[in-house]
Amino acid sequence: MVNILKIDINNETMDIVINEQLTLLQYLRQNGLTGTKEGCASGDCGACTVLLRDKMGEADFIAVNSCITPMLQLAGKQVITVEGLTADQPLHAVQHQLIDKHGSQCGFCTPGFVMSLAGWLENRICEQGAMAQAPAISLRAEVVEAISGNLCRCTGYKPIIEAGIAAALEKAEAGSRFQPLLSLKSDIPSQMDAQLSEPVAAGEGSSKAPVMMTPGNLQELDASLMRWPQARLCAGGTDLLLEKTQQGNPLDCLISCLEVKEMNVCSTSEKALLIGAAASYSVIEQYCNSIWPDLGQFLKRFGSPQIRNRATLGGNLATASPVGDMSPLLMVMNASVIVRSVQGVERSIAVSEFFKGYRQTVLNDAEYIRAVSIGRDEFNGFRRFFKNSKRTMDDISTVMGAFYLDVPSSRVREARVAYGGLAAMPVRVKAVEDFLVGKELNQACISRAQALLREVINPLSDVRASADYRSHIAASMLSRALREQSGEILPLVTVG
Ligand SMILES: Cc1cc2nc3c(=O)[nH]c(=O)nc-3n(C[C@H](O)[C@H](O)[C@H](O)COP(=O)(O)OP(=O)(O)OC[C@H]3O[C@@H](n4cnc5c(N)ncnc54)[C@H](O)[C@@H]3O)c2cc1C
Ligand code: FES
Ligand code: FES
(Lines give C-alpha, C1' and ligand atoms only; values in the text may rest on other atoms or scores of the structure.)
(Ligands and ions follow the chains in the order given, each with its own letter.)
Protein backbone atom coordinates (compact mmCIF):
# COMPACT_ATOMS: atom_id res chain seq x y z
CA MET A 1 0.00 0.00 0.00
CA VAL A 2 1.09 3.57 -0.59
CA ASN A 3 0.27 6.74 1.28
CA ILE A 4 1.92 9.32 -0.93
CA LEU A 5 0.19 10.53 -4.08
CA LYS A 6 1.68 12.56 -6.86
CA ILE A 7 -0.70 15.26 -8.01
CA ASP A 8 0.17 18.23 -10.18
CA ILE A 9 -1.20 21.42 -8.66
CA ASN A 10 -0.66 24.67 -10.55
CA ASN A 11 2.02 23.07 -12.66
CA GLU A 12 4.03 21.78 -9.74
CA THR A 13 4.17 18.05 -9.05
CA MET A 14 3.50 17.50 -5.38
CA ASP A 15 4.13 14.43 -3.22
CA ILE A 16 1.05 14.46 -1.06
CA VAL A 17 0.99 12.40 2.11
CA ILE A 18 -2.44 10.96 2.72
CA ASN A 19 -3.59 10.36 6.26
CA GLU A 20 -7.34 10.59 5.82
CA GLN A 21 -10.14 11.03 3.28
CA LEU A 22 -9.85 14.73 2.32
CA THR A 23 -11.72 16.68 -0.28
CA LEU A 24 -9.63 18.60 -2.79
CA LEU A 25 -10.98 21.84 -1.30
CA GLN A 26 -9.87 20.87 2.21
CA TYR A 27 -6.40 20.04 0.95
CA LEU A 28 -6.06 23.27 -1.03
CA ARG A 29 -7.14 25.49 1.83
CA GLN A 30 -5.05 23.63 4.42
CA ASN A 31 -2.05 24.18 2.17
CA GLY A 32 -2.33 27.90 1.63
CA LEU A 33 -4.27 27.94 -1.64
CA THR A 34 -7.12 29.92 -0.10
CA GLY A 35 -8.21 31.60 -3.31
CA THR A 36 -10.53 28.63 -3.72
CA LYS A 37 -13.48 29.30 -1.40
CA GLU A 38 -15.92 27.18 0.52
CA GLY A 39 -19.51 28.38 0.12
CA CYS A 40 -21.85 25.45 0.58
CA ALA A 41 -19.58 22.37 0.57
CA SER A 42 -22.31 20.56 -1.34
CA GLY A 43 -21.67 21.30 -5.01
CA ASP A 44 -24.36 23.97 -5.23
CA CYS A 45 -22.64 27.38 -5.24
CA GLY A 46 -19.51 26.97 -7.38
CA ALA A 47 -17.24 29.05 -5.06
CA CYS A 48 -14.82 26.11 -4.90
CA THR A 49 -14.53 25.59 -8.69
CA VAL A 50 -11.12 24.51 -9.97
CA LEU A 51 -9.96 23.04 -13.27
CA LEU A 52 -8.98 19.42 -13.54
CA ARG A 53 -7.22 17.57 -16.32
CA ASP A 54 -7.29 13.81 -16.42
CA LYS A 55 -4.46 12.91 -18.71
CA MET A 56 -1.59 15.24 -19.32
CA GLY A 57 -1.62 16.67 -22.80
CA GLU A 58 -4.47 14.42 -23.94
CA ALA A 59 -7.58 15.93 -22.50
CA ASP A 60 -9.21 19.27 -21.86
CA PHE A 61 -9.40 20.93 -18.51
CA ILE A 62 -12.81 20.50 -16.94
CA ALA A 63 -14.41 22.62 -14.22
CA VAL A 64 -15.21 20.68 -11.04
CA ASN A 65 -16.48 21.43 -7.55
CA SER A 66 -13.42 20.81 -5.36
CA CYS A 67 -15.64 20.62 -2.24
CA ILE A 68 -17.03 17.24 -3.33
CA THR A 69 -14.00 15.86 -5.18
CA PRO A 70 -12.07 13.31 -3.13
CA MET A 71 -8.35 14.06 -3.09
CA LEU A 72 -7.66 10.36 -3.42
CA GLN A 73 -9.15 10.20 -6.90
CA LEU A 74 -6.63 12.71 -8.20
CA ALA A 75 -3.41 10.70 -8.37
CA GLY A 76 -1.64 11.50 -11.63
CA LYS A 77 -3.98 14.34 -12.51
CA GLN A 78 -3.46 18.05 -12.98
CA VAL A 79 -5.32 20.70 -10.97
CA ILE A 80 -5.36 24.42 -11.68
CA THR A 81 -6.66 26.75 -8.99
CA VAL A 82 -7.28 30.47 -9.29
CA GLU A 83 -3.73 31.06 -8.08
CA GLY A 84 -2.35 28.94 -10.92
CA LEU A 85 -4.34 30.68 -13.61
CA THR A 86 -2.05 33.66 -13.71
CA ALA A 87 1.24 32.30 -12.39
CA ASP A 88 4.06 34.00 -14.34
CA GLN A 89 1.52 35.50 -16.75
CA PRO A 90 -0.61 38.61 -17.03
CA LEU A 91 -4.19 38.27 -15.83
CA HIS A 92 -6.29 35.71 -17.70
CA ALA A 93 -8.75 37.24 -20.17
CA VAL A 94 -11.74 36.43 -17.96
CA GLN A 95 -10.06 38.05 -14.95
CA HIS A 96 -9.35 41.40 -16.52
CA GLN A 97 -12.74 41.41 -18.26
CA LEU A 98 -14.43 40.83 -14.90
CA ILE A 99 -12.52 43.85 -13.58
CA ASP A 100 -13.35 45.99 -16.61
CA LYS A 101 -17.04 45.09 -16.56
CA HIS A 102 -17.37 45.47 -12.77
CA GLY A 103 -18.34 41.84 -12.43
CA SER A 104 -17.02 41.30 -8.92
CA GLN A 105 -18.24 42.62 -5.63
CA CYS A 106 -17.93 40.39 -2.57
CA GLY A 107 -14.94 38.46 -3.86
CA PHE A 108 -16.16 35.28 -2.22
CA CYS A 109 -17.81 33.83 -5.28
CA THR A 110 -15.55 35.56 -7.83
CA PRO A 111 -12.75 32.93 -7.96
CA GLY A 112 -15.39 30.32 -8.81
CA PHE A 113 -16.80 32.46 -11.64
CA VAL A 114 -13.27 33.05 -12.91
CA MET A 115 -12.53 29.33 -13.00
CA SER A 116 -15.83 28.36 -14.64
CA LEU A 117 -15.41 31.01 -17.32
CA ALA A 118 -11.74 30.16 -17.81
CA GLY A 119 -12.56 26.45 -18.21
CA TRP A 120 -15.23 27.28 -20.77
CA LEU A 121 -13.02 29.69 -22.69
CA GLU A 122 -10.03 27.36 -22.76
CA ASN A 123 -12.09 24.66 -24.47
CA ARG A 124 -14.01 26.95 -26.80
CA ILE A 125 -12.77 27.54 -30.30
CA CYS A 126 -13.05 31.27 -30.95
CA GLU A 127 -12.38 32.06 -34.58
CA GLN A 128 -12.79 35.68 -35.48
CA GLY A 129 -14.84 35.09 -38.65
CA ALA A 130 -17.22 32.65 -36.98
CA MET A 131 -17.57 34.89 -33.91
CA ALA A 132 -18.49 37.87 -36.08
CA GLN A 133 -21.28 35.86 -37.72
CA ALA A 134 -22.59 34.00 -34.66
CA PRO A 135 -25.72 35.53 -33.16
CA ALA A 136 -24.85 37.39 -29.94
CA ILE A 137 -27.73 35.58 -28.27
CA SER A 138 -26.12 32.16 -28.68
CA LEU A 139 -22.79 33.33 -27.24
CA ARG A 140 -24.68 34.80 -24.31
CA ALA A 141 -26.51 31.48 -23.81
CA GLU A 142 -23.17 29.66 -23.76
CA VAL A 143 -21.79 32.00 -21.10
CA VAL A 144 -24.95 31.62 -19.02
CA GLU A 145 -24.59 27.85 -19.20
CA ALA A 146 -20.88 28.02 -18.33
CA ILE A 147 -21.66 29.88 -15.09
CA SER A 148 -24.90 28.04 -14.30
CA GLY A 149 -23.19 26.26 -11.40
CA ASN A 150 -22.01 29.49 -9.78
CA LEU A 151 -24.15 31.63 -7.51
CA CYS A 152 -23.73 35.38 -7.02
CA ARG A 153 -26.15 37.07 -4.68
CA CYS A 154 -24.95 40.67 -4.83
CA THR A 155 -23.61 42.05 -8.11
CA GLY A 156 -26.12 40.28 -10.31
CA TYR A 157 -25.16 38.20 -13.30
CA LYS A 158 -25.30 40.84 -16.03
CA PRO A 159 -21.73 42.19 -15.69
CA ILE A 160 -20.38 38.66 -15.20
CA ILE A 161 -22.07 37.50 -18.41
CA GLU A 162 -20.77 40.58 -20.21
CA ALA A 163 -17.26 39.76 -19.00
CA GLY A 164 -17.55 36.19 -20.34
CA ILE A 165 -18.74 37.45 -23.74
CA ALA A 166 -15.95 40.06 -23.89
CA ALA A 167 -13.34 37.43 -22.97
CA ALA A 168 -14.51 35.19 -25.85
CA LEU A 169 -14.34 38.10 -28.28
CA GLU A 170 -10.88 38.96 -26.96
CA LYS A 171 -9.74 35.38 -27.51
CA ALA A 172 -11.07 35.50 -31.09
CA GLU A 173 -9.25 38.74 -31.75
CA ALA A 174 -5.98 37.53 -30.24
CA GLY A 175 -6.09 34.41 -32.44
CA SER A 176 -2.85 32.47 -32.07
CA ARG A 177 -1.52 35.08 -29.63
CA PHE A 178 -4.01 33.82 -27.01
CA GLN A 179 -1.99 31.98 -24.38
CA PRO A 180 -3.98 28.84 -23.54
CA LEU A 181 -3.67 27.15 -20.18
CA LEU A 182 -3.23 23.90 -22.04
CA SER A 183 0.19 25.09 -23.10
CA LEU A 184 1.35 24.93 -19.48
CA LYS A 185 3.83 22.12 -19.29
CA SER A 186 3.58 19.43 -16.72
CA ASP A 187 5.76 16.44 -16.02
CA ILE A 188 4.17 14.09 -13.52
CA PRO A 189 6.57 11.16 -13.50
CA SER A 190 5.41 8.03 -15.24
CA GLN A 191 5.65 5.93 -12.07
CA MET A 192 2.21 7.39 -11.34
CA ASP A 193 0.65 4.74 -13.57
CA ALA A 194 2.09 1.96 -11.45
CA GLN A 195 1.12 3.75 -8.27
CA LEU A 196 -2.48 4.13 -9.41
CA SER A 197 -3.27 0.46 -9.05
CA GLU A 198 -2.04 0.28 -5.46
CA PRO A 199 -4.48 0.79 -2.62
CA VAL A 200 -3.94 3.94 -0.59
CA ALA A 201 -3.52 3.36 3.14
CA ALA A 202 -4.38 5.80 5.90
CA GLY A 203 -0.76 5.71 7.08
CA GLU A 204 2.45 4.09 5.90
CA GLY A 205 2.52 0.38 6.73
CA SER A 206 -1.02 0.57 8.09
CA SER A 207 -2.80 -2.78 8.40
CA LYS A 208 -6.21 -1.10 8.31
CA ALA A 209 -8.44 -1.21 5.24
CA PRO A 210 -7.23 1.20 2.57
CA VAL A 211 -8.96 4.58 2.39
CA MET A 212 -9.13 4.39 -1.39
CA MET A 213 -8.55 1.86 -4.11
CA THR A 214 -8.37 2.77 -7.77
CA PRO A 215 -8.76 -0.38 -9.89
CA GLY A 216 -8.02 0.02 -13.58
CA ASN A 217 -10.23 -2.74 -14.99
CA LEU A 218 -13.21 -4.93 -14.10
CA GLN A 219 -11.11 -7.83 -12.77
CA GLU A 220 -9.24 -5.50 -10.41
CA LEU A 221 -12.54 -3.96 -9.31
CA ASP A 222 -14.03 -7.41 -8.61
CA ALA A 223 -10.93 -8.41 -6.65
CA SER A 224 -10.99 -5.18 -4.58
CA LEU A 225 -14.68 -5.61 -3.77
CA MET A 226 -14.12 -9.22 -2.77
CA ARG A 227 -11.12 -8.37 -0.57
CA TRP A 228 -12.83 -5.37 1.09
CA PRO A 229 -16.59 -6.11 1.15
CA GLN A 230 -17.20 -3.15 3.46
CA ALA A 231 -15.87 -0.71 0.82
CA ARG A 232 -18.21 1.76 -0.90
CA LEU A 233 -17.99 2.43 -4.62
CA CYS A 234 -17.24 6.03 -5.52
CA ALA A 235 -17.82 7.33 -9.04
CA GLY A 236 -18.14 11.12 -9.46
CA GLY A 237 -18.83 11.45 -5.72
CA THR A 238 -21.55 14.08 -6.31
CA ASP A 239 -23.98 12.16 -4.08
CA LEU A 240 -21.55 10.18 -1.94
CA LEU A 241 -19.31 13.06 -0.84
CA LEU A 242 -22.31 14.88 0.63
CA GLU A 243 -22.35 12.15 3.27
CA LYS A 244 -18.96 13.48 4.37
CA THR A 245 -19.42 17.22 3.88
CA GLN A 246 -23.05 17.49 5.06
CA GLN A 247 -23.43 14.62 7.51
CA GLY A 248 -19.86 14.25 8.81
CA ASN A 249 -19.60 10.61 7.73
CA PRO A 250 -15.84 9.86 7.38
CA LEU A 251 -16.17 7.60 4.27
CA ASP A 252 -13.36 5.33 5.41
CA CYS A 253 -12.92 2.81 2.64
CA LEU A 254 -13.75 3.73 -0.96
CA ILE A 255 -13.21 2.05 -4.30
CA SER A 256 -13.11 4.50 -7.16
CA CYS A 257 -14.64 3.22 -10.39
CA LEU A 258 -13.56 6.23 -12.44
CA GLU A 259 -10.40 4.52 -13.72
CA VAL A 260 -12.11 1.19 -14.57
CA LYS A 261 -11.68 1.40 -18.32
CA GLU A 262 -14.60 -0.85 -19.30
CA MET A 263 -16.97 1.32 -17.22
CA ASN A 264 -15.82 4.58 -18.79
CA VAL A 265 -16.67 3.96 -22.38
CA CYS A 266 -19.80 4.43 -24.46
CA SER A 267 -20.21 2.27 -27.55
CA THR A 268 -22.80 1.52 -30.21
CA SER A 269 -23.47 -1.82 -31.84
CA GLU A 270 -26.03 -2.71 -34.48
CA LYS A 271 -28.48 -3.53 -31.70
CA ALA A 272 -27.80 -1.21 -28.78
CA LEU A 273 -26.22 1.87 -27.30
CA LEU A 274 -24.09 0.94 -24.28
CA ILE A 275 -23.23 3.65 -21.74
CA GLY A 276 -20.51 2.84 -19.21
CA ALA A 277 -21.72 3.28 -15.64
CA ALA A 278 -18.72 5.49 -14.78
CA ALA A 279 -18.81 7.74 -17.86
CA SER A 280 -19.54 11.32 -16.83
CA TYR A 281 -22.60 13.10 -18.23
CA SER A 282 -20.30 15.40 -20.21
CA VAL A 283 -18.76 12.38 -21.90
CA ILE A 284 -22.20 10.79 -22.46
CA GLU A 285 -23.60 14.01 -23.91
CA GLN A 286 -20.73 14.29 -26.37
CA TYR A 287 -20.93 10.63 -27.38
CA CYS A 288 -24.73 10.58 -27.82
CA ASN A 289 -24.89 13.83 -29.76
CA SER A 290 -25.71 12.24 -33.11
CA ILE A 291 -27.79 9.23 -32.02
CA TRP A 292 -29.70 10.92 -29.19
CA PRO A 293 -29.51 14.74 -29.51
CA ASP A 294 -32.49 15.42 -27.21
CA LEU A 295 -30.55 13.80 -24.36
CA GLY A 296 -27.93 16.56 -24.64
CA GLN A 297 -30.70 19.17 -24.56
CA PHE A 298 -32.19 17.60 -21.48
CA LEU A 299 -28.84 17.28 -19.70
CA LYS A 300 -28.46 21.06 -19.74
CA ARG A 301 -31.06 20.93 -16.93
CA PHE A 302 -29.05 18.34 -14.97
CA GLY A 303 -27.04 19.98 -12.17
CA SER A 304 -24.37 22.29 -13.53
CA PRO A 305 -21.34 21.91 -15.84
CA GLN A 306 -19.20 21.15 -12.76
CA ILE A 307 -21.61 18.39 -11.70
CA ARG A 308 -22.00 16.95 -15.21
CA ASN A 309 -18.21 16.83 -15.58
CA ARG A 310 -18.03 14.37 -12.68
CA ALA A 311 -21.41 12.72 -12.10
CA THR A 312 -22.27 9.36 -13.68
CA LEU A 313 -25.29 7.33 -14.71
CA GLY A 314 -24.22 4.43 -12.46
CA GLY A 315 -24.21 6.76 -9.45
CA ASN A 316 -27.61 8.22 -10.35
CA LEU A 317 -29.29 4.81 -10.62
CA ALA A 318 -27.55 3.30 -7.58
CA THR A 319 -28.54 6.27 -5.41
CA ALA A 320 -32.16 5.48 -6.32
CA SER A 321 -33.35 8.97 -5.45
CA PRO A 322 -37.10 9.41 -6.02
CA VAL A 323 -36.21 12.68 -7.81
CA GLY A 324 -33.22 11.35 -9.78
CA ASP A 325 -33.64 12.64 -13.33
CA MET A 326 -32.28 9.74 -15.29
CA SER A 327 -34.50 6.94 -13.97
CA PRO A 328 -37.83 8.01 -15.54
CA LEU A 329 -36.02 8.92 -18.73
CA LEU A 330 -34.33 5.52 -18.95
CA MET A 331 -37.56 3.75 -18.02
CA VAL A 332 -39.41 5.10 -21.05
CA MET A 333 -36.43 4.33 -23.27
CA ASN A 334 -36.81 0.67 -22.20
CA ALA A 335 -33.20 0.78 -20.95
CA SER A 336 -31.57 -2.08 -19.04
CA VAL A 337 -29.02 -1.98 -16.27
CA ILE A 338 -26.09 -4.35 -16.85
CA VAL A 339 -25.25 -5.59 -13.39
CA ARG A 340 -22.02 -7.43 -12.57
CA SER A 341 -21.21 -9.52 -9.53
CA VAL A 342 -17.76 -9.66 -7.93
CA GLN A 343 -17.50 -13.20 -9.35
CA GLY A 344 -17.71 -11.64 -12.81
CA VAL A 345 -21.25 -12.90 -13.57
CA GLU A 346 -23.47 -10.40 -15.38
CA ARG A 347 -27.24 -10.01 -15.60
CA SER A 348 -29.48 -7.48 -17.25
CA ILE A 349 -32.38 -5.79 -15.41
CA ALA A 350 -34.93 -3.43 -16.97
CA VAL A 351 -34.63 0.03 -15.38
CA SER A 352 -38.41 -0.17 -14.80
CA GLU A 353 -37.75 -3.12 -12.47
CA PHE A 354 -34.55 -1.83 -10.86
CA PHE A 355 -36.07 0.06 -7.92
CA LYS A 356 -37.84 -1.64 -5.05
CA GLY A 357 -38.50 1.18 -2.58
CA TYR A 358 -37.26 4.47 -1.20
CA ARG A 359 -33.55 4.60 -2.14
CA GLN A 360 -33.56 0.83 -2.63
CA THR A 361 -32.58 -1.14 -5.70
CA VAL A 362 -32.58 -4.83 -6.53
CA LEU A 363 -28.75 -4.92 -6.47
CA ASN A 364 -27.28 -7.57 -4.18
CA ASP A 365 -24.42 -6.70 -1.81
CA ALA A 366 -21.80 -8.18 -4.12
CA GLU A 367 -23.12 -6.54 -7.29
CA TYR A 368 -22.56 -3.25 -9.03
CA ILE A 369 -23.70 -1.48 -12.21
CA ARG A 370 -21.32 -1.94 -15.12
CA ALA A 371 -23.31 -0.19 -17.87
CA VAL A 372 -26.71 0.84 -19.17
CA SER A 373 -27.97 -0.52 -22.47
CA ILE A 374 -30.65 0.95 -24.77
CA GLY A 375 -31.87 -0.85 -27.92
CA ARG A 376 -31.24 1.07 -31.15
CA ASP A 377 -34.95 0.73 -32.10
CA GLU A 378 -35.95 2.79 -29.08
CA PHE A 379 -34.57 5.90 -30.75
CA ASN A 380 -37.25 5.74 -33.46
CA GLY A 381 -40.24 6.67 -31.31
CA PHE A 382 -41.51 10.09 -30.22
CA ARG A 383 -40.16 11.08 -26.80
CA ARG A 384 -40.26 14.03 -24.45
CA PHE A 385 -38.46 14.66 -21.14
CA PHE A 386 -39.72 17.45 -18.89
CA LYS A 387 -38.18 18.67 -15.66
CA ASN A 388 -39.89 20.95 -13.16
CA SER A 389 -37.59 22.50 -10.56
CA LYS A 390 -37.44 25.67 -8.52
CA ARG A 391 -34.44 27.00 -10.45
CA THR A 392 -34.03 26.32 -14.16
CA MET A 393 -30.42 25.23 -13.81
CA ASP A 394 -28.41 23.68 -10.99
CA ASP A 395 -31.40 22.23 -9.17
CA ILE A 396 -32.94 18.83 -8.61
CA SER A 397 -36.43 18.03 -9.87
CA THR A 398 -39.67 18.68 -8.11
CA VAL A 399 -41.34 16.55 -10.77
CA MET A 400 -39.62 14.82 -13.66
CA GLY A 401 -41.80 13.43 -16.48
CA ALA A 402 -40.69 11.19 -19.34
CA PHE A 403 -42.86 10.07 -22.25
CA TYR A 404 -42.41 7.71 -25.19
CA LEU A 405 -45.09 7.25 -27.83
CA ASP A 406 -45.33 5.06 -30.87
CA VAL A 407 -48.14 6.34 -33.05
CA PRO A 408 -47.69 4.79 -36.52
CA SER A 409 -50.93 6.13 -38.00
CA SER A 410 -53.68 7.95 -36.16
CA ARG A 411 -53.81 5.67 -33.12
CA VAL A 412 -51.34 4.99 -30.31
CA ARG A 413 -49.62 1.61 -30.62
CA GLU A 414 -47.45 1.92 -27.55
CA ALA A 415 -47.17 4.47 -24.74
CA ARG A 416 -44.66 4.70 -21.92
CA VAL A 417 -45.13 7.22 -19.14
CA ALA A 418 -42.76 7.58 -16.17
CA TYR A 419 -42.28 10.11 -13.40
CA GLY A 420 -39.88 11.05 -10.66
CA GLY A 421 -41.00 13.07 -7.66
CA LEU A 422 -44.46 11.50 -7.38
CA ALA A 423 -43.67 8.53 -5.13
CA ALA A 424 -40.94 7.01 -2.95
CA MET A 425 -39.22 5.80 -6.09
CA PRO A 426 -39.37 6.59 -9.81
CA VAL A 427 -42.49 4.99 -11.34
CA ARG A 428 -44.07 3.93 -14.63
CA VAL A 429 -47.79 4.79 -14.77
CA LYS A 430 -49.18 1.62 -16.34
CA ALA A 431 -52.83 2.65 -16.01
CA VAL A 432 -52.25 5.69 -18.23
CA GLU A 433 -50.05 3.74 -20.66
CA ASP A 434 -52.75 1.06 -21.08
CA PHE A 435 -55.49 3.67 -21.45
CA LEU A 436 -53.65 5.42 -24.29
CA VAL A 437 -53.11 2.30 -26.41
CA GLY A 438 -55.44 2.25 -29.43
CA LYS A 439 -56.64 5.82 -28.82
CA GLU A 440 -56.61 8.82 -31.12
CA LEU A 441 -54.85 11.70 -29.39
CA ASN A 442 -57.65 14.28 -29.48
CA GLN A 443 -58.56 16.74 -26.72
CA ALA A 444 -61.14 14.41 -25.14
CA CYS A 445 -58.60 11.59 -24.92
CA ILE A 446 -55.93 13.90 -23.46
CA SER A 447 -58.32 15.21 -20.79
CA ARG A 448 -59.34 11.67 -19.83
CA ALA A 449 -55.69 10.58 -19.64
CA GLN A 450 -54.95 13.54 -17.36
CA ALA A 451 -57.90 12.75 -15.12
CA LEU A 452 -56.86 9.11 -14.89
CA LEU A 453 -53.28 10.11 -14.04
CA ARG A 454 -54.47 12.34 -11.19
CA GLU A 455 -56.64 9.50 -9.91
CA VAL A 456 -53.85 6.90 -9.77
CA ILE A 457 -50.93 8.97 -8.45
CA ASN A 458 -50.58 9.94 -4.83
CA PRO A 459 -47.71 12.42 -4.55
CA LEU A 460 -46.26 13.67 -1.26
CA SER A 461 -46.19 17.21 0.02
CA ASP A 462 -42.73 18.33 1.13
CA VAL A 463 -40.53 21.44 1.21
CA ARG A 464 -40.25 21.45 -2.56
CA ALA A 465 -43.96 21.36 -3.41
CA SER A 466 -47.42 20.35 -2.25
CA ALA A 467 -49.05 17.13 -3.44
CA ASP A 468 -51.59 19.18 -5.34
CA TYR A 469 -48.92 21.17 -7.19
CA ARG A 470 -47.06 17.97 -8.12
CA SER A 471 -50.25 16.36 -9.37
CA HIS A 472 -51.07 19.43 -11.47
CA ILE A 473 -47.55 19.58 -12.97
CA ALA A 474 -47.56 15.87 -13.76
CA ALA A 475 -50.87 16.23 -15.62
CA SER A 476 -49.62 19.28 -17.57
CA MET A 477 -46.50 17.39 -18.61
CA LEU A 478 -48.62 14.51 -19.88
CA SER A 479 -50.89 16.85 -21.81
CA ARG A 480 -47.91 18.67 -23.32
CA ALA A 481 -46.25 15.45 -24.49
CA LEU A 482 -49.48 14.15 -26.05
CA ARG A 483 -50.26 17.45 -27.75
CA GLU A 484 -46.75 17.81 -29.12
CA GLN A 485 -46.95 14.29 -30.48
CA SER A 486 -50.11 15.31 -32.31
CA GLY A 487 -48.15 18.07 -34.02
CA GLU A 488 -49.19 21.01 -31.88
CA ILE A 489 -46.41 23.55 -31.54
CA LEU A 490 -46.44 24.83 -28.00
CA PRO A 491 -44.47 27.81 -26.72
CA LEU A 492 -41.28 27.02 -24.84
CA VAL A 493 -41.72 27.26 -21.11
CA THR A 494 -38.90 27.82 -18.69
CA VAL A 495 -39.73 26.62 -15.25
CA GLY A 496 -37.79 28.16 -12.44
C1 LIG B 1 -25.21 20.39 -6.87
C2 LIG B 1 -25.82 19.10 -7.30
C3 LIG B 1 -26.75 19.10 -8.32
C4 LIG B 1 -27.34 17.89 -8.70
N5 LIG B 1 -28.27 17.92 -9.71
C6 LIG B 1 -28.89 16.78 -10.06
C7 LIG B 1 -29.89 16.80 -11.08
O8 LIG B 1 -30.17 17.83 -11.68
N9 LIG B 1 -30.52 15.63 -11.35
C10 LIG B 1 -30.21 14.46 -10.71
O11 LIG B 1 -30.81 13.43 -11.01
N12 LIG B 1 -29.25 14.41 -9.76
C13 LIG B 1 -28.58 15.54 -9.43
N14 LIG B 1 -27.62 15.50 -8.46
C15 LIG B 1 -27.28 14.23 -7.81
C16 LIG B 1 -26.05 13.51 -8.43
O17 LIG B 1 -25.23 14.40 -9.15
C18 LIG B 1 -26.46 12.40 -9.38
O19 LIG B 1 -27.26 11.46 -8.73
C20 LIG B 1 -25.25 11.69 -10.01
O21 LIG B 1 -25.64 11.03 -11.19
C22 LIG B 1 -24.55 10.71 -9.07
O23 LIG B 1 -23.46 10.15 -9.75
P24 LIG B 1 -22.02 10.06 -9.09
O25 LIG B 1 -21.13 9.44 -10.10
O26 LIG B 1 -21.57 11.37 -8.58
O27 LIG B 1 -22.31 9.06 -7.89
P28 LIG B 1 -21.50 8.85 -6.54
O29 LIG B 1 -21.75 10.00 -5.64
O30 LIG B 1 -20.09 8.52 -6.81
O31 LIG B 1 -22.23 7.56 -5.99
C32 LIG B 1 -23.58 7.61 -5.58
C33 LIG B 1 -23.97 6.25 -4.98
O34 LIG B 1 -23.95 5.28 -6.00
C35 LIG B 1 -23.04 4.23 -5.70
N36 LIG B 1 -22.42 3.88 -6.99
C37 LIG B 1 -21.73 4.70 -7.81
N38 LIG B 1 -21.42 4.06 -8.95
C39 LIG B 1 -21.93 2.81 -8.84
C40 LIG B 1 -21.95 1.67 -9.69
N41 LIG B 1 -21.39 1.67 -10.90
N42 LIG B 1 -22.58 0.54 -9.25
C43 LIG B 1 -23.18 0.51 -8.03
N44 LIG B 1 -23.18 1.55 -7.19
C45 LIG B 1 -22.58 2.70 -7.59
C46 LIG B 1 -22.09 4.80 -4.67
O47 LIG B 1 -21.55 3.80 -3.82
C48 LIG B 1 -23.01 5.75 -3.92
O49 LIG B 1 -23.75 5.06 -2.96
C50 LIG B 1 -26.99 16.69 -8.07
C51 LIG B 1 -26.02 16.69 -7.06
C52 LIG B 1 -25.44 17.87 -6.68
C53 LIG B 1 -24.40 17.85 -5.60
S1 FES C 1 -18.37 25.17 -1.87
FE2 FES C 1 -20.25 25.48 -2.91
S3 FES C 1 -20.01 24.22 -4.67
FE4 FES C 1 -18.27 23.80 -3.50
S1 FES D 1 -19.73 38.91 -6.18
FE2 FES D 1 -19.92 37.39 -4.60
S3 FES D 1 -22.05 37.15 -4.18
FE4 FES D 1 -21.87 38.46 -5.87
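Mentor: Taken over C-alpha atoms, the centres of domain 2 and domain 3 are 38 Å apart. The protein chain is split into domain 1 (4-84 + 186-256), domain 2 (93-178) and domain 3 (380-485), with bounds that come from an automatic or database domain assignment. Keep in mind that this is a predicted model, where local features need pLDDT of at least 70, side-chain atom pairs count only at pLDDT 80 or more, and totals for chains, interfaces and linings use all residues. Residues are numbered from 1 along each chain as its sequence is written, while chains are lettered from A and ligands numbered from 1 in the order in which they are written.

Now let's zoom in on strand β15, residues 367-375. Helices (H or I, at least four residues) and strands (E, at least two) are DSSP runs, numbered from the N terminus. Two strands pair if DSSP finds at least two bridges between them. β15 pairs with β10 (residues 272-276) in the antiparallel sense, over 5 bridges, and there L273 has I374 as its bridge partner. β11 (residues 336-341) also runs antiparallel to β15, joined by 6 bridges, with I338 opposite A371.

What about ligand 1? It has 31 residues around it, and A235, G236, G314, G315 and N316 come nearest; a residue counts as near if its C-beta atom, placed from the backbone, lies within 6 Å. β15 turns up again here, as β7 (232-234), α14 (313-319) and β15 are the elements giving two or more residues to that shell. α14 gives the most, with 5 residues.
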